[in-house]
Amino acid sequence: MSEFDDFLGEDPKEETGIQVTDKYKIDTLDVLNFVVKEKYTPKPTEDNKVPEEKWRVISYHPSIEYAFKSIVDKEINVTVKEGIEAVIAKVEELKKFKPKV
């Protein structure tokens, strides 16, 4: 933990945010913005042959509703190629989560 994190009483490894799917979560970086983060695995390096998964910010939003909508749009766009039944199933899955947000 750095001196700055220690000063703020924060643990940088502590998970924050609302996980919407296995791949996406909604978090905040400041008091004005919500961000959507996507889980990814960094490329292996000589020093780190098996890197652990990390989260990266992929979009900024003024409200949690807009952040959630952007995740829904991404999930639906990816699902479209699998057919209408898959799209309907994905919409139903995401509707079940929306009351939590």
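Is glutamate 38 buried or exposed? I looked it up: Glu38 is buried, with a relative accessible area of 14%. For my own notes, buried means under 20% relative accessible area, exposed means over 50%, and partly exposed is in between (1.4 Å probe, protein chains only).

**Ground rules.** I'm working with a predicted model, where local features need pLDDT of at least 70 and side-chain atom pairs count only at pLDDT 80 or more, while totals for chains, interfaces and linings use all residues. Residues are numbered from 1 along each chain as its sequence is written, and side-chain values use heavy atoms, with hydrogens and water left out.

**Salt bridges.** Here I went by this rule: a side-chain nitrogen of Lys or Arg within 4 Å of a carboxyl oxygen of Asp or Glu. That gives five salt bridges. Side chains of opposite charge can pair when their charged atoms come close.

I started with Lys23 and Glu38, whose side chains meet at 3.5 Å, N to O. Lysine 23 is in the loop between β1 (18–19) and β2, and glutamate 38 is in strand β3 (residues 34–40), 15 residues apart. Strands here are DSSP runs of E, at least two residues, and helices are runs of H or I, at least four, numbered from the N terminus. Lys23 is partly exposed, at 39% relative accessible area.

Next I found Arg56 bridging to Glu38, with the closest N and O atoms 3.9 Å apart. Arginine 56 sits in strand β4 (residues 54–61), 18 residues from glutamate 38. Shared partners join Lys23, Glu38 and Arg56 into one network.

**Aspartate 27.** Which strand holds aspartate 27? I found Asp27 in β2, and it is buried at 7% relative accessible area. Its side chain makes a salt bridge with Lys37 (3.1 Å, N to O). Lysine 37 lies in β3 and aspartate 27 in β2, so this pair ties together parts that are 10 residues apart in sequence. I also noted a polar contact of 2.6 Å between the side chains of Asp27 and Thr16. (A polar contact is a pair of N or O atoms within 3.5 Å; within protein, one must be able to donate a hydrogen and the other to accept it, and residues adjacent in sequence count only if both atoms are side-chain atoms.)

**The core.** The largest nonpolar core has nine residues, among them Val20, Phe68 and Leu94. Such a core is a set of buried Ala, Val, Leu, Ile, Met, Phe, Trp, Tyr and Cys residues joined through side-chain atoms within 4.5 Å. I saw that its largest share, four residues, comes from α2.
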